[in-house]
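User: I would like to go through this model one feature at a time, with the criteria behind each term made clear.

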Amino acid sequence: MILVGQYDSPYVRRVAVSLQMLGYRFDRDTRSVFGDAEAIRAINPLGRIPALVLDGGEVLIDSAAILDWLDEQVGPERALLPPRGAERRRALQIMALATGILDKAGAIVYERTLRPSDKRYDAWLERCTTQVTSGLAALEAATGDGWYLGAEMRQPDVTVACVLGYFPLRAPELFVGYPKLAALLARAAARPEFAHTRPAEDEVMPDGLARA
Ligand SMILES: N[C@@H](CCC(=O)N[C@@H](CS)C(=O)NCC(=O)O)C(=O)O
């Protein structure tokens, strides 16, 4: 199977980490959503990453849908999300906070990176910054000293760590003063699945211009 997308995208990275945790081998297509937009649209009509091209040629889009497929493949004993009940609700709420934070942080980065500086809309940047800050404070409050669901790293941990890993790359000034989240990121970063999915230099969108 082929994972389409670059590892500076936390959505791509959470799929890659999950595949590795569950023992799946995969190839990668690291073409850019900006520089190779037409090629990416030929895989995913939305022109977004990640996509997962299965061995039979079927294409799955959207990280949540891909993770759902993966959990189904491995079955409830090994799935990275609990199958039902309060544990599943808690996991999904943690992940909703994390991906919501990422959507807003991504909007800030796109505004700074893609929009000409004289056309930036400060009120929008301020709104997104407040949403990121408020989301991070809530996530910090929901975080303890270990993994979210007990002794094992599972999907909420993977998703949160991948989202937090975006900040040092793209917006370090927004991720200051969250000690529990910083500790969780450090714990995750020490794992081989995270070491193996660190974005390479040519996978990071340069400032001022999307990769050509
Ligand atoms: N809900 C989607 C979001 C994917 C997404 O936003 N991907 C970004 C990269 S982090 C992307 O493709 N951006 C290009 C664009 O939206 O034009 C998922 O979970 O896969």
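User: How do the axes of helix α1 and helix α3 cross, roughly parallel or roughly antiparallel?
Analyst: The axes of α1 (residues 10-21) and α3 (residues 63-74) come within 9 Å and cross at roughly 10 degrees; axes are lines fitted to C-alpha atoms, for helices over the stretch in contact, with angles from 0 to 180 degrees between N-to-C directions. Helices (H or I, at least four residues) and strands (E, at least two) are DSSP runs numbered from the N terminus. Because angles under 35 degrees count as roughly parallel, over 145 as roughly antiparallel, 65 to 115 as roughly perpendicular and the rest as oblique, α1 is roughly parallel to α3.

User: Before going further, what kind of model is this, and how are residues numbered?
Analyst: Residues are numbered from 1 along each chain as its sequence is written. Local features need pLDDT of at least 70, side-chain atom pairs count only at pLDDT 80 or more, and totals for chains, interfaces and linings use all residues, since this is a predicted model.

User: Which residues of α3 meet α1?
Analyst: Contact here requires C-beta atoms, placed from the backbone, to lie within 7 Å. From α1 come Y11, R14, V15, S18 and L19, and they meet, in α3, S63, I66, L67 and L70.

User: What separates the centres of domain 1 and domain 2?
Analyst: The domain assignment, which is automatic or from a database, gives domain 1 as 2-79 + 196-203 and domain 2 as 85-191. Taken over C-alpha atoms, the separation of their centres is 20 Å.

User: Which element gives the largest share of the side of domain 1 that touches domain 2?
Analyst: Eight residues from domain 1 and nine residues from domain 2 take part in the contact. On the domain 1 side, the largest share, five residues, comes from α1.

User: Which strands stand at the edges of the open sheet?
Analyst: The sheet has four strands in the order β2-β1-β3-β4, with mixed pairing, where pairing needs at least two DSSP bridges between two strands. One side of each edge strand is left without a neighbour in the sheet, because each has a single partner strand; these are β2 (27-29) and β4 (59-61).

User: What is the bridge partner of V4 in β3?
Analyst: Strand β1 (residues 2-4) and strand β3 (residues 51-53) run antiparallel and are joined by three bridges. Within β3, V4 has as its bridge partner A51.

Definitions and conventions: Contact = placed C-beta atoms within 7 Å.
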